[in-house]
Amino acid sequence: MYGNIICFDPCNMAPSSFKLNTGASIPALGLGTWQSGPGEVKNAVSYALRTGYKLIDCAFCYGNEYEVGEGIKEALNLGAVKREDFFVTSKMWCTFSSRVEENLDMSLKALGLDYIDLYLIHWPVAMNPHGNDIRFPTLPDGSRDLDMSWSHIETWKQMEKLVGTGKVKAIGVCNYSVRYLEGLLPQATIIPAVNQIENHPYLPQDEIVSLCHAKNIRIMAYSPLGSAGSPLMKEPTVESVAAKYRVSPATVVFSYHNKRGITVIAKSVKESRIDQNSKIIDLDQRDMKALENIHKAAGIKRYVYPAFNVDFGFPDKS
Ligand SMILES: NC(=O)C1=CN([C@@H]2O[C@H](COP(=O)(O)OP(=O)(O)OC[C@H]3O[C@@H](n4cnc5c(N)ncnc54)[C@H](OP(=O)(O)O)[C@@H]3O)[C@@H](O)[C@H]2O)C=CC1
Ligand SMILES: O=C[C@H](O)[C@@H](O)[C@@H](O)[C@H](O)C(=O)O
């Protein structure tokens, strides 16, 4: 039901990786880097890799890939890890929708890598490539300067061309609703390996999750703690399951995703939290049911919805 699970830690029945439709493995848990500030993110990445994290999630738009790359370099130079033993994700930003390979090359250079394991379309909308800012061009009224004449399908065609270059191992999308994915799939030669979306007990998004599982597209859950301020850490059901297992609420949330066959990425720049966030346990069906019911009482909550002023087709926003 939740796709192929391929790797188990013998002391813990929770899988530590999942299979992609390319045949490669993706780690079940990773470190996010959005809003990880200068002077913090190098150590966060290096520390995470040195302490066993196998996945780092990056993006051109985060403006910190050079420092993320310094963290990767530090862990490699210390001999703590080998490049082939960890997985790096980066994302093509909207101002580069018509210049995908150029944006990939910028990320590779900043990160100091010669390939990325998974390259994603960040949002399925184009912004003016010649606007007043390289990342967030605006119109005189302050709204985002979009290029609505450019289709995300054209962007995907450029993504497909990257696969033969050796610079990416797999390609995928982010923030695709059922409507957008159903628009893309009939036009695609390569099925996206991943759809990275906001996902947590307040926003299970079962509709798009089920479609992706049916099409063998792996879901990556972003903002699993509810993004800045981590509201899921204080959710009463999450707290009570955490107390039962004597683990952090973060572990409960990540384990909920793990049970759903979903890779999860959480951001922290604090070593103690990076440690705390590295654990996943095998939840039983009763706990899963309780976690699955949270949104029914609390209501749907989406924390990340940038001001593109575009209907991306998500039921809670359409
Ligand atoms: N494709 C996309 O459009 C998107 C992708 N992402 C990716 O997903 C990653 C994770 O999502 P993100 O939005 O950052 O939010 P998260 O849900 O990971 O929450 C991050 C926040 O929680 C805090 N935090 C982390 N661990 C703990 C803990 N154990 N206890 C208490 N607080 C904690 C962090 O603070 P501190 O650092 O101070 O510990 C930070 O404020 C991003 O960093 C990014 O890589 C995110 C959003 C959109
Ligand atoms: O990946 C994280 C988010 O999608 C982030 O990249 C966007 O929210 C961006 O800051 C924006 O304002 O459009």
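The structure is a predicted model, in which local features need pLDDT of at least 70 and side-chain atom pairs count only at pLDDT 80 or more, whereas totals for chains, interfaces and linings use all residues. Residues are numbered from 1 along each chain as its sequence is written, chains are lettered from A and ligands numbered from 1 in the order in which they are written, and side-chain values use heavy atoms, with hydrogens and water left out.

The protein contains 11 helices and 11 strands; these are DSSP runs numbered from the N terminus, with helices (H or I) of at least four residues and strands (E) of at least two. The radius of gyration is 19 Å, close to the 20 Å that the globule rule gives for 318 residues, so the protein is as compact as a globular protein of that length. The radius is taken over C-alpha atoms, and the rule is 2.2 Å times the number of residues to the power 0.38. Along the principal axes, the C-alpha atoms fill a box of roughly 55 × 50 × 40 Å. Of the 318 residues, 54% count as buried, a class defined by under 20% relative accessible area, with exposed meaning over 50% and partly exposed in between (1.4 Å probe, protein chains only). Among contacts with a separation of 6 or more, 72% are made by residues 24 or more positions apart; a contact here means heavy atoms within 4.5 Å.

Two annotated residues were examined in turn. Tyrosine 62 occupies the loop between strand 5 (55-57) and helix 2 (65-77). Its relative accessible area is 16%, so tyrosine 62 is classed as buried. Apart from neighbours within four places in sequence, tyrosine 62 contacts Thr33, Trp34, Asp57, Lys91, His122 and Arg135. Histidine 122 is placed in the loop between strand 7 (118-121) and helix 4 (152-162). With a relative accessible area of 7%, histidine 122 is likewise buried. When neighbours within four places in sequence are left aside, the contacts of histidine 122 are Ala59, Cys61, Tyr62, Lys91, Met92, Trp93, Cys174 and Asn175.

Both annotated residues belong to the surroundings of ligand 2, which comprise Trp34, Cys61, Tyr62, Trp93, His122, Trp123, Phe136, Arg144, Pro306 and Phe308. A residue is counted as near a molecule or strand if one of its heavy atoms lies within 4 Å of it. Polar contacts are pairs of N or O atoms within 3.5 Å; within protein, one must be able to donate a hydrogen and the other to accept it, and residues adjacent in sequence count only if both atoms are side-chain atoms. A polar side-chain atom of tyrosine 62 is 2.5 Å from an oxygen atom of ligand 2. For arginine 144, an N or O atom in the side chain lies 2.6 Å from a ligand 2 oxygen atom, and for tryptophan 123 the corresponding distance is 2.9 Å. Of the 330 Å² of accessible area that ligand 2 has on its own, the protein covers 87%.

Ligand 1 has 30 residues around it, of which Asp57, Leu225, Ser227, Ser268 and Lys270 come nearest. An N or O atom in the side chain of lysine 267 is 2.8 Å from an oxygen atom of ligand 1, and a polar backbone atom of valine 269 is 3.0 Å from an oxygen atom of this ligand. A nitrogen atom of ligand 1 lies 2.8 Å from a polar side-chain atom of glutamine 276. The protein covers 93% of the 900 Å² of accessible area that ligand 1 has on its own.

Serine 227 is located in the loop between strand 10 (218-222) and helix 7 (236-245). Its phi is near 65°, a positive value in a residue other than glycine, and at 21% relative accessibility serine 227 counts as partly exposed. Methionine 233 lies in the loop between strand 10 and helix 7. Not counting residues up to four places away in sequence, methionine 233 touches Leu225, Glu239, Ser248, Pro249, Ala250 and Gln276.

How values were computed: Accessible areas come from the Shrake-Rupley method with a 1.4 Å probe; for residues, only the protein chains shown count as cover.
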